[in-house]
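Please keep the sequence and the structure in view while reading.

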Amino acid sequence: MSKDISKVIKLQNEEDKILKEEKEIKKENEELKKLIKKDIAYDKKTKELEVQEVNFIQKFAIKSAKKHKLIFAVLVATAAILVWHSAWTLLDKVPAYFSLTFIIVGIIILWMFNQFKRL
């Protein structure tokens, strides 16, 4: 009988140890979840700042180019000449049925310039 009681006491002690370890593991898991949430929030903020920085650089570049009319004119003229030359070379090599696609792409480009005009 005493052997049975000692076995029961040992089992209870082991069960208590297991329960304590389980509580510790739960606490660690909760702490890890909090850290992960903080890390995810930090990543989101970092990405938002990067996007804002890129937008700022684009706006700054466009506004600066608009202020200096000569630089703006040279840039736009160079871009237009390069696009025209590339399109002309491409149209020589591409069949005529792609011309509708090029018209649509050109309209999209003009629409994008119109959007930048509002900056």
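The accessible surface of the protein chain comes to about 11700 Å², and carbon and sulfur atoms account for 67% of that area. The model is a predicted one. Of the 119 residues in the protein chain, 1% are buried, where buried means a relative accessible area under 20%.

The fold is described by its helices. The protein chain holds three helices and zero strands, and its elements follow the order α-α-α from the N terminus on. Two of these helices come up below: helix α1, which covers residues 2–67, and helix α3, which covers residues 99–117.

The relative accessibility of I107 is 53%. Because the exposed class starts over 50%, I107 counts as exposed.

Which side chains meet in a salt bridge? Side chains of opposite charge can pair when their charged atoms come close. Here the side chains of E22 and K26 do so, with a distance of 3.9 Å from N to O. That value lies within the 4 Å cut-off, so the pair qualifies as a salt bridge. The count for the model comes to one salt bridge.

Both partners lie in helix α1, four residues apart, which is about one turn of the helix. E22 has a relative accessibility of 37% and therefore counts as partly exposed. K26, with a relative accessible area of 49%, is partly exposed as well. Both values fall between the 20% and 50% limits of that class.

Technical notes: Residues numbered from 1 in each chain as written. Predicted model: local features only at pLDDT ≥ 70, side-chain atom pairs only at ≥ 80, totals over all residues. Heavy atoms only, no water. Helix = DSSP H or I, 4+ residues; strand = E, 2+ residues; numbered from the N terminus. Buried < 20%, exposed > 50% of the residue type's maximum accessible area, 1.4 Å probe, protein only. Areas by Shrake-Rupley, 256 points an atom, 1.4 Å probe, with all protein chains shown as cover.
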